Amino acid sequence: MQPLHEPLARERGVQLSVARLDLIDAGVPGNKWFKLYPNIDLARRQGCRRIVSFGGSWSNHIHALAEAGRRFDFETVGVIRGYAELPLTATLADAKRWGMQLEFVGPAEYRLKTDPGWLSALRRRYAPCMVIPEGGSNAAAVAACGLIMPTLEADGYRPTSAVLACGTGATLAGILRGPGQLDKVLGVSVLKGDREIYDRVRMHAAGRIDAGPSWHIDSEHHYGGYARTDGELLGFIEGFYQRHGIALEPVYTGKMMAALYHRLERGWFARGERVVALHSGGLQGLRGFSGKWPWARERLDRGERPG
Ligand SMILES: Cc1ncc(COP(=O)(O)O)c(C=O)c1O
């Protein structure tokens with residue numbers, strides 16, 4: 001837990017901290033640790049030595065899965081939305097080096113990733129294997145994300161509110177249905193116009209969130225959509241780093257923190273709230289911005305990037 005000494009928070013009477021889940025593990029950081037660990041365990045118990053999953057060419061999930069495969073000695077296959085003819089991104093180059101087999105599919109085929117018939121064919125092709133969905137977001141992952149807050153609380157910290165980035169919504173669902181003492185949770189959607197996020201969170205939580213904290217989705221900080229960014233967001237990330245020495249990236253954690261700050265400004269958090277921002281990792285993806293964004297280049301040159 002890293003306290004944030006921020007004049008705005010002091011003015012508002014709010015205690016701010018960042019849970020540095022990004023530091024849990026250099027190769028399998030952030031929410032990936034919670035999502036992958038139970039899946040690897042499940043695969044092992046089923047005697048399955050190959051895991052197949054999906055992602056884009058800068059996917060944090062694919063990167064972490066490949067590293068986990070190398071470290072824990074199982075085969076990995078990444079079904080990648082992209083084209084084999086294009087040069088590999090830094091993410092995919094790592095994944096390949098760590099032994100992941102990459103299979104590229106175009107955008108239309110990638111959309112079939114939840115289609116039962118298509119999945120059966122995939123399973124047959126790589127049998128015996130375990131297939132886990134995009135972002136690693138299955139029931140085992142949701143259950144393990146339920147351990148995030150109790151882990152922080154076991155260290156003696158008692159937040160009243162949590163803020164986190166939402167893609168599939170599985171991490172949020174886990175926190176909502178897991179044990180813990182939160183009053184309120186804010187999920188910041190990184191996708192534009194994602195009206196299904198509420199349904200996805202409920203689906204992942206499998207009906208077990210009604211007794212939990214109140215929860216809200218912020219849909220105003222997508223900055224143009226998934227992996228889109230603008231000068232305001234990049235400036236915010238740089239300023240945040242200057243003040244606190246914590247690197248964020250523009251796809252998930254930068255948007256999450258920007259939403260938190262805007263809501264703090266607007267008085268959305270009441271006096272006396274103890275707010276924890278979950279740093280869910282994703283810093284390997286900074287490499288995707290280094291060409292266009294000098295700040296990312298500098299951080300990477302200083303070796304501030306997990307591998
Ligand atoms: C760094 C990071 N933060 C947050 C998320 C969002 O998590 P979820 O898909 O469980 O909503 C992801 C995607 O999995 C991610 O890679």
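Colleague: Which element gives the most to the shell around the ligand?

Modeller: This is a predicted model, in which local features need pLDDT of at least 70 and side-chain atom pairs count only at pLDDT 80 or more, whereas totals for chains, interfaces and linings use all residues. Residues are numbered from 1 along each chain as its sequence is written. The element you ask about is α9, which gives three residues to the shell; helices (H or I, at least four residues) and strands (E, at least two) are DSSP runs, numbered from the N terminus. Altogether 18 residues surround the ligand, the closest being Gly-167, Thr-168, Thr-171, Ser-280 and Gly-282, where a residue is near the ligand if its C-beta atom, placed from the backbone, lies within 6 Å of it. By class the shell has 13 polar, five nonpolar and no charged residues, with Ala, Val, Leu, Ile, Met, Phe, Trp, Tyr, Cys and Pro counted as nonpolar, Asp, Glu, Lys and Arg as charged, and the others, Gly among them, as polar.

The shell draws at least three residues from each of domain 1 (2-25 + 139-300) and domain 2 (31-136), with bounds that come from an automatic or database domain assignment. The C-alpha centres of the two domains lie 25 Å apart, and 21 residues of domain 1 are in contact with 18 residues of domain 2, contact meaning C-beta atoms, placed from the backbone, within 7 Å.

Terms used: Two residues are in contact if their C-beta atoms, placed from the backbone, lie within 7 Å.
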